[in-house]
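Dear colleague,

I am handing over the structure below, and I would be grateful if you could look through it alongside the notes that follow.

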Amino acid sequence: MNRLVGCNIKGNINFFNGEKIYHIPGGVYYNRTVAVEWFCTEDEANGSGYRKSLR
């Protein structure tokens with residue numbers, strides 16, 4: 001998915017269990033996460049079925 005300007009929340013799907021997780025800048029895994037979707041807000045990510053990374 002293409003990244004929109006100013007939208008820096010990364011959505012990723014866990015390979016092992018299919019869980020949808022989003023990562024915000026500054027998060028432990030943010031820099032190593034490959035996004036399958038990009039979001040502008042956490043509400044947008046939650047609305048698409050993603051949960052926030054625990055780290």
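Lys10 and Thr33

A polar atom of the Lys10 side chain lies 3.1 Å from the backbone oxygen of Thr33, where a polar contact is taken as a pair of N or O atoms within 3.5 Å, of which, within protein, one must be able to donate a hydrogen and the other to accept it, and residues adjacent in sequence count only if both atoms are side-chain atoms. Please bear in mind that this is a predicted model, in which local features need pLDDT of at least 70 and side-chain atom pairs count only at pLDDT 80 or more, while totals for chains, interfaces and linings use all residues. Residues are numbered from 1 along each chain as its sequence is written, and side-chain values use heavy atoms, with hydrogens and water left out.

Lys10 is placed in strand β1, strands being DSSP runs of E with at least two residues, numbered from the N terminus. Lys10 counts as buried because its relative accessibility is 9%, the limit for buried being under 20% relative accessible area, with exposed over 50% and partly exposed in between (1.4 Å probe, protein chains only). If neighbours within four places in sequence are left aside, the residues in contact with Lys10 (heavy atoms within 4.5 Å) include Ile21, Tyr30, Ala35 and Trp38. Tyr22, 12 residues from Lys10 in sequence, is 5.4 Å from Lys10 in space, C-alpha to C-alpha.

Thr33, for its part, sits in the loop between β2 (20-23) and β3 (37-39) and is likewise buried, with a relative accessible area of 12%. The Thr33 side chain reaches the backbone oxygen of Tyr29 at 2.6 Å. Beyond its neighbours within four places in sequence, Thr33 is in contact with Lys10, Asn12 and His23; the C-alpha atoms of Thr33 and His23 are 7.8 Å apart, with 10 residues of separation in sequence.

As for the strands, β1 (residues 9-13) runs antiparallel to β3 and is joined to β3 by three bridges, two strands being paired if DSSP finds at least two bridges between them; Ile9 has Phe39 as its bridge partner in β3. The pairing of β1 with β2 is also antiparallel, over four bridges, and Gly11 stands opposite Tyr22 there. These two strands, β1 and β2, form a hairpin with six residues between them, and Gly18 in the turn has a positive phi of about 75°.
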